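Subject: A structure for you to look at

Hello,

Here is the structure I promised to pass on. Please open it first, and then read my notes below alongside it.

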Amino acid sequence: MIDWTFTPASLWTLIGVLLILSELALPGVIAVFFGIAALLIGLLLFLEVPIDPPAQILLFGVLGAALLLLARHRLKPWFRGQVETGGSGSEVLPEGTRARAQTDFVRGAGLVTLNGVRWNAESADPVHAGDTVWLIGRRGLVLHVSATPPSTSEP
């Protein structure tokens with residue numbers, strides 16, 4: 001039978017669960033490792049391993065930092081998704097990729113959604129919210145789009 005009274009073990013377990021859940025709201029792939037560390041301390045305390053409070057805090061910091069340093073690079077793609085990168089490390093967004101205008105473009109600038117991500121965009125063509133546009137270039141975080149599809153001339 002589980003004893004649900006407030007104990008140090010239940011406190012560490014609660015902290016662990018909250019840290020892991022916080023990763024869903026602020027995905028930096030950091031809090032999850034400290035959440036796992038807190039859950040491990042909670043498990044040790046549930047198993048009645050004698051650890052005094054200062055040692056619990058030290059163990060939490062050491063375990064969290066060790067998990068972060070050893071496993072973050074392996075687990076980060078699970079939380080953020082794999083991103084195809086080019087040689088410079090920037091996302092590969094091939095010309096001719098379709099996007100959807102989210103706003104009317106005012107003075108050639110507006111917002112588009114591409115692959116589920118909202119981008120600032122510029123276009124020499126008139127673009128209205130809901131229009132399909134095509135990627136023709138990129139300058140930093142600003143996409144250059146066209147209201148006309150690219151030519152599909154094949155040899």
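Which residues of S2 make up its covered face, and which its uncovered one? The covered face holds Gly 110, Val 112 and Leu 114, while Ala 109, Leu 111 and Thr 113 are on the uncovered face. In a regular strand, side chains alternate between the two faces of the sheet.

Before going further, a word on what you are looking at. This is a predicted model, in which local features need pLDDT of at least 70 and side-chain atom pairs count only at pLDDT 80 or more, whereas totals for chains, interfaces and linings use all residues. Residues are numbered from 1 along each chain as its sequence is written, and side-chain values use heavy atoms, with hydrogens and water left out.

**The overall plan**

The protein has three helices and five strands. Both kinds are DSSP runs numbered from the N terminus: helices are H or I with at least four residues, and strands are E with at least two. Read from the N terminus, the order is α-α-α-β-β-β-β-β. Of its 155 residues, 25% count as buried; buried means under 20% relative accessible area, exposed means over 50%, and partly exposed lies in between, using a 1.4 Å probe and protein chains only.

**The strands**

The five strands close into a barrel in the order S1-S2-S3-S5-S4, with mixed pairing. On average, neighbouring strands of this sheet are turned by 55° against each other, direction ignored. The axes behind that angle are lines fitted to C-alpha atoms (for helices, over the stretch in contact), and angles run from 0 to 180 degrees between N-to-C directions. Two strands count as paired if DSSP finds at least two bridges between them.

Start with S1, residues 98–101. Ala 99 and Ala 101 form its covered face, and Arg 98 and Arg 100 its uncovered one. S1 runs antiparallel to S4 (residues 132–139), joined by three bridges, and Arg 98 stands opposite Trp 134 in S4. Two bridges join S1 to S2 (residues 109–114), also antiparallel; here Ala 101 has Val 112 as its bridge partner.

Val 112 also stands opposite Trp 119 in S3. S2 and S3 (residues 117–122) pair in the antiparallel sense over six bridges, with Ala 109 opposite Glu 122. The two strands form a hairpin with two residues between them, and Asn 115 in the turn has a positive phi of about 55°.

**A salt bridge to find**

How many salt bridges does the structure hold? There is one, where a salt bridge is a side-chain nitrogen of Lys or Arg within 4 Å of a carboxyl oxygen of Asp or Glu. Its partners are Glu 122 and Arg 139, whose closest N and O atoms are 3.1 Å apart. Because Glu 122 lies in strand S3 and Arg 139 in strand S4, the pair ties together parts that are 17 residues apart in sequence. Glu 122 counts as partly exposed at 27% relative accessibility, and so does Arg 139 at 47%.

**The helical part**

An unreviewed UniProt entry lists residues 6–22, 29–47 and 53–71 under "transmembrane region". Positions from UniProt are given in the numbering used here, feature names are shortened, and annotations may be inferred rather than shown by experiment. In the model, residues 6–22 are 88% helix and 0% strand, with the end C-alpha atoms 22 Å apart. For residues 29–47 the chain is 84% helix and 0% strand, and the end C-alpha atoms are 28 Å apart.

Leu 47 is in the loop between helix H2 (31–46) and helix H3 (53–80), and it counts as exposed because its relative accessibility is 58%. Pro 53 lies in helix H3 and is exposed too, with a relative accessible area of 53%. Pro 53 and Pro 8 are 45 residues apart in sequence, yet 8.7 Å apart in space, C-alpha to C-alpha.

Enjoy exploring it!

Best wishes
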